[in-house]
Structures are given as C-alpha cells and as structure tokens.
Amino acid sequence: MEIEVDGLEKTYGARKVLSIEHLTIPSGKITAVVGPNGAGKTTLLSILAGLEEKDRGRIFYDGAEKIPFQQMTMVFQKPCMISATVRKNIAWPLKIRGTAKAETAEKVERLAGELGLTPFLDRRADRLSAGETQKTAFARALVFDPDLLFLDEPGANMDPHALIEMEAVIRRLASERNKTVLLVTHNLAQASRLADDVLFLSEGRAVEHCKTADFFACPREEETKRFLEIEWR
Amino acid sequence: MDIIAEGLVEALRLIASFDREVFEVVLTSLYVTFVSLAIAGGAGIPAGLLIAGHRFRMKGILMRVIYTLMGMPPVLCGLIVYVVFMRRGPLGSLSLNYTVTVMIIAQTLLILPIIMGITISAAGERQEQVRKLARTLGAGKRQTAGLLMHELKPGLITALVSGFSRGISEVGAVMIVGGNIEGRTRTMTTYISQLKGMGEFERAVAVGIILLVLSFAVNSLLYHFQKPPESAGRKEMLWK
C-alpha cells in the first residue's frame, strides 16, 4: 500500500510540529523515519495511522483518502497489553474479525514460534518483561496480515537475539508479502540494516528522503550531514 | 452485648419464620437500591468514560463538582428532591413524594456522582491506551466498547460496589422523600431508625444484621466478577 502526503501540517498550541510539503512512502518497502528528538517522527506515524488529527493537508492510501483501519496497524514503543494471556492477546484481532477457532489457533502458534513466544503463550501478557511485551504486540499486529505496518521504535526493549529475529520477520514481510513498513527509530544501525529508504525529519520538516545506502554514504543536505556526523560516525 | 446476641437470635427467627414485615422492607430496600444502581450505572459509567476520554473547557470545574457531589449529605439530597416534588414545588403536579419512585430518584441522584467519579478515576490514561490499541487493530465501535469494559472492569465494579453500598445503607434521603410508610416506602434503614425510636433494640439489631448479610452477599458477587479471569478460574466474556 502506497502512502502519499500533501501539505501536511500539525501544530501543538503555537508550535508547529509537522510541516511536510510532499512525501511518498512506496508500497512493499521498509522506510525508516529518523531524526533528533522532537523532530515529529512519532507525530507523523500517529497521523498516518489515524490516531491523531492533522491540522492541514491530505493523505492518500493507495490513492484513496479514507484511512484503511482494517488493513493497517501500529506497534507502540510501550505497547498496551490486554489483561489476558499472550495467546489471547495475539488472537484478539482475529477474534474480532470472526476468524474460525482452528485457524486462529494455527496462526497464533505459528507467529509465536517465529518470534520465540511459544513458552509464554499461556502467561498473562501484563506480567511480561518489556522485550517480551514488545514481541507480543508485534505478533498481535501481524496476526491479521495488515498491508501497512507502523512501528514506533521496534525492538527498543529487546535483547540483540530477539531483535534480530524480529527484524528478520519485518524483512520477510516486506520482501515476500509486499507489506509497506514505516518505522520510527533512534537506532541508526537498525535503520541501515533494515530499511530500503530513510526519511530524515528535523523540526517537523522532511529534510531528506532517499535510499538507505545513499542516506548513509552521500547525504545531500547539510542538515543531514550534521545529524549523521553526531549520531552515526 | 446482650442486645446484639439477642438481635442475632431474632434475625435468625425472622428469616426462618418468613416475617412478612421484615421481608417487605428487605424487598423494598433491594428494589430501590438495584433500580437506582441500574439507572445511575447506566448513565454514570458512559458519562464517566466520556468525560475521562475527552479534553474540554470547564472539565476541571466539572470534575470538582462531581467530586463534591460524591460527598453530598443524603439529607440535603432528600430535602432538595422533596422540595422539587412537594405540592408547591416545580414538579409537585406529579405527586411523587412518599412513593417508591421518588425514593429511587433521590437514591439515583446520590449514587450517580459516585459512579461517575470512580469511573473517571478508573478510566484515566488506560482508556486512551485501550482505545488506541483497538483502533490500531481494526476494531469497530462495539468491539472497542467491549474491550474497554474488559480492561476497566475492576474500576467499574468498584464504582458499582460503592454505589450499591451507598444506596443500601442510605437513610436520610429515603426517610425524607419516602416517609417510612409501612408496606409502601419502608426500607431496612428507615425501619431500623423507627425500631430504635420505639425501643425495640433486638428487632432493630436483627434487621441490621440482615442488612449486613445482604450487603455482604451482593458485594461478594460483585467481587467475584472483579477478579482477573485466570485467578477466578473461569472464561471471560471477551473470549467466549
């Protein structure tokens, strides 16, 4: 699913937190949104996910302005867990879609296996560690096969092994199943490993949007160069 | 001590003998309390969720008014309702004073702020998180409401328990608007007050014990639903 943004603006009080003239998030690619704190990364993600209202501008999802809630999802940095087991958390999106019990059980088991969650399936989700919580939220987001995936700091609380497992799943989703992934990250190493494209935001503006290799090897904008000088080298 | 012991014996005798007068007051008390609780819960929980989930001007003042009304003296509430429905009052033509209906109105007004206030406190930030979660998983309005009820259940049950306790133990308001009329508006609390005035302490203590036992039974039932699903060893509505 391709996303096109035109003249997007968002203000909190007197402060303009987002001002993007034009932006296209290509379908079937992983786009990493990077930038300093307060650059508007999470606000952009929340607006695209329909969780926050924009002040101005238009957003098109595959050419249509209607937000396709049924085909997209977002995983938060600090995910909210349903007060139930991990199994029930992952199953909930299928439950509300009326999926058959056997199919639900099969999908839950498979995803839990892929993400190393099988031993935790019958534990209460609100008593997991931060990393396990994030994996559960990730599994719950993927279980209903959304076309569009918004990830806010994925793997921020995970150990390196779990992070690699999750990144492999994200890569497979984009390359094999043509899912569009937009992820906000402070971890530039993760952006370089995972993303096809990088969008650099600063003070709410889209400063640079290019291929990942170009972003790290030969950034065009001075602001990007300064950011990479501090954060990357 | 003798009076309490004799009251206990009397309570058992009243229950065993199906004492008509006692059963009437018990039924009136339960009827008035449950109907008030249903109305106040039906209005107060959605209103509380709405207030908790939105930012608007005067919200701070509204919250202060609700919290103040949570501690409203029952006699004052009863007096206001009485004045409204007295013959010369604005709704006097309805002739509702000294009926069960006006007792329900008074109790609903007493319970409503309690349910709203506790719902607002219980919902807090959690409500926003749950709504966001439901939206990102593609849930519709009904499914979001179901998830919200599931997630806020302990707080909502606390609100209902508090409302029930306030209603069942209330005496001032129902005495003023209901008048403690035998066979019509007499409740357990107004009956106890009357028995004390008549010096029938054993019977008053007996009715008090019945009141406590009933309150314990209802609270136990509500507490059962408040426990998390796993510890209660039963299936949740959400997963049926």
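By class, the residues that line the second largest pocket of this predicted model comprise six nonpolar, four polar and six charged ones. This second largest pocket holds about 450 Å³ of space, and among the 16 residues of its lining, those that lie nearest its centre are A:Thr42, A:Phe76, B:Glu128, B:Gln129 and B:Lys132. Two or more residues of the lining come from each of α1 (41-48) of chain A and α5 of chain B, and it is α5(B) that gives the most to the second largest pocket, namely five residues.

In the largest pocket, at least two lining residues are supplied by each of α2 (20-53), α5 and α6 of chain B, and the largest share, eight residues, belongs to α5(B). The lining of the largest pocket divides by class into twelve nonpolar, eight polar and ten charged residues.

The contact between the chains comes next. It draws on 24 residues of chain A and 21 residues of chain B, and the area buried between chain B and chain A is about 2100 Å², with 64% of that area given by carbon and sulfur atoms. On the side of chain B that touches chain A, at least two residues are supplied by each of α5 (100-136), α6 (141-169) and α10 (229-232) of chain B, and the largest share of this side, eight residues, comes from α5(B). Sorted by class, the side of chain B that touches chain A has ten nonpolar, five polar and six charged residues.

How many salt bridges and how many residue pairs in polar contact are counted between chain B and chain A? The count of salt bridges between chain B and chain A is zero, whereas seven residue pairs are counted in polar contact, both residues of each pair being at pLDDT 80 or more.

How values were computed:
Residues are numbered from 1 along each chain as its sequence is written. Chains are lettered from A and ligands numbered from 1 in the order in which they are written. This is a predicted model: local features need pLDDT of at least 70, side-chain atom pairs count only at pLDDT 80 or more; totals for chains, interfaces and linings use all residues. Side-chain values use heavy atoms; hydrogens and water are left out. Contact means heavy atoms within 4.5 Å. Buried area is the accessible area (1.4 Å probe) that two parts lose on being put together, summed over both. A salt bridge is a side-chain nitrogen of Lys or Arg within 4 Å of a carboxyl oxygen of Asp or Glu. A polar contact is a pair of N or O atoms within 3.5 Å; within protein, one must be able to donate a hydrogen and the other to accept it, and residues adjacent in sequence count only if both atoms are side-chain atoms. Helices (H or I, at least four residues) and strands (E, at least two) are DSSP runs, numbered from the N terminus. Ala, Val, Leu, Ile, Met, Phe, Trp, Tyr, Cys and Pro count as nonpolar, Asp, Glu, Lys and Arg as charged, and the others, Gly among them, as polar. On a 1 Å grid over the protein atoms alone, a cavity is a set of points where a 1.4 Å probe fits but cannot get out, and a pocket is an open set with protein on both sides within 12 Å along at least five of seven lines; lining residues have an atom within 4 Å of a point. Grid points are joined across faces, edges and corners, and a volume is the space filled by probe spheres set on the points.
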